Amino acid sequence: MSLILAIDTSCDDTSVAVLRDDCVLSSIVSSQMDIHKQWGGVVPNLARRAHEERIDYCIELALKRAGIKLEKIDAIAVTYGPGLAPALEVGVRKAKELALRHNKKLIAVNHMEGHLVSPFLKTRYGDYYGKNVTDPRFPLLSLCVSGGHTELVRVEWWGKYKIIGQTLDDAAGEAFDKVGRMLELGYPGGPVIEFLALKGDREKYPLPRPMEWSQDYNFSFSGLKTACLYSIQKIKQELEARFHEIIPDFCASFQEAVVDSLLIKLERAVNNLQPKMVLVSGGVSVNKRLRRKCQSRFRKLGVPLYFPHKKFCMDNAAMIGLAGYYKYQRGEFIQNVNTLDRRPSITIEYSSVE
Ligand code: KG4
Ligand code: ZN
């Protein structure tokens with residue numbers, strides 16, 4: 001049995017969690033949304049300052065809610081990349097400080113590996129959070145869709161990853177955010193667009209499915225973003241006069257284009273590679289239209305498809321704790337705590353390399 005304290009400060013959420021093996025005992029996420037909202041995106045130095053102000057309290061609260069004393073913790077797992085350098089720095093520094101002062105093992109976790117494993121988080125009673133989730137079977141295929149990444153990853157085993165496709169420009173979440181900004185819907189765009197799309201006509205505005213015909217597994221969203229910009233310019237006057245009538249159709253059409261673009265490549269990869277399971281995770285995976293459309297396709301294909309529980313789609317430290325637990329089992333600890341440094345651009349393929 002292992003008790004892990006996990007920390008994630010990769011972007012704009014200060015997150016701390018406590019896990020007993022793969023079971024979440026507590027998960028604290030202190031969002032900085034209010035700070036960054038007014039700037040229309042995350043401001044790295046403001047994120048750093050907010051992390052610094054909140055990290056100690058989040059750690060204290062996570063331990064308290066878990067009912068665990070720091071002395072009992074076996075290892076500290078911390079996100080060391082990818083992410084914003086000034087933000088990552090706060091978590092890494094704190095984790096090193098705790099490991100040194102309290103003589104704990106230190107585990108460096110790749111943020112994307114956290115998203116990838118998140119469908120397999122369990123409750124404190126040992127049940128998977130997600131409905132009908134079963135134990136992992138390899139090889140599996142993972143689609144990670146977040147604000148910074150869109151990656152298709154073949155997983156041989158935990159820790160053994162191969163990126164088979166990724167975005168050539170913007171990430172899927174970034175496309176939601178940028179189109180949200182064009183429509184003056186505020187930041188982040190994803191949740192608002194999903195809400196407004198609920199009553200919209202998905203076929204009203206013809207938008208491209210970028211890279212639809214390319215035979216690789218890569219994605220591209222900048223062309224879709226430009227197509228949205230032209231469309232918005234064309235309907236500008238209508239939009240001003242009848243915003244509430246038009247916006248649901250536009251949001252639904254855009255959302256459908258993103259969902260289709262993701263699904264086309266995911267399905268192609270599943271058909272070609274025949275994985276035993278498919279995982280879809282990351283901030284965008286909370287999107288219900290994406291979930292429904294994927295579920296109905298994969299039911300037909302007969303491949304198990306799992307998503308994280310909605311509270312673990314966005315950035316959180318519980319997923320870092322789970323990836324940390326898998327590393328704990330493999331004995332992948334940082335040998336010299338002082339040497340750990342943040343790695344803002346590290347890819348998931350190097351997640352087993354110190
Ligand atoms: O994984 P995440 O919390 O942060 C990163 O690691 O990037 O993902 C944040 C992204 C944002 O771009 C946000 O717009 C998107 O997830 N997102 C959504 C929804 N909720 C959040 N995208 C589509 N539909 C949603 N409901
Ligand atoms: Zn993330």
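The model is predicted, with local features needing pLDDT of at least 70 and side-chain atom pairs counting only at pLDDT 80 or more, while totals for chains, interfaces and linings use all residues. Residues are numbered from 1 along each chain as its sequence is written, and side-chain values use heavy atoms, leaving out hydrogens and water.

I read helices as DSSP runs of H or I with at least four residues, and strands as runs of E with at least two, numbered from the N terminus. The axes of α6 and α9 come within 7 Å and cross at roughly 115° (lines fitted to C-alpha atoms, for helices over the stretch in contact; angles from 0 to 180 degrees between N-to-C directions).

I then listed the contacts (heavy atoms within 4.5 Å). I193, E194, L196 and A197 of α6 meet I247, P248, C251, A252, F254 and Q255 of α9.

Five strands form an open sheet in the order β3-β2-β1-β4-β5, with mixed pairing (strands pair if DSSP finds at least two bridges between them). β3 (23-31) and β5 (105-110) are the edges, each with a single partner strand, so one side of each has no neighbour in the sheet.

I looked up β1 (3-8) and β4 (75-81): they run parallel, joined by four bridges. A6 has A77 in β4 as its bridge partner.

Conventions: Chains are lettered from A and ligands numbered from 1 in the order in which they are written.
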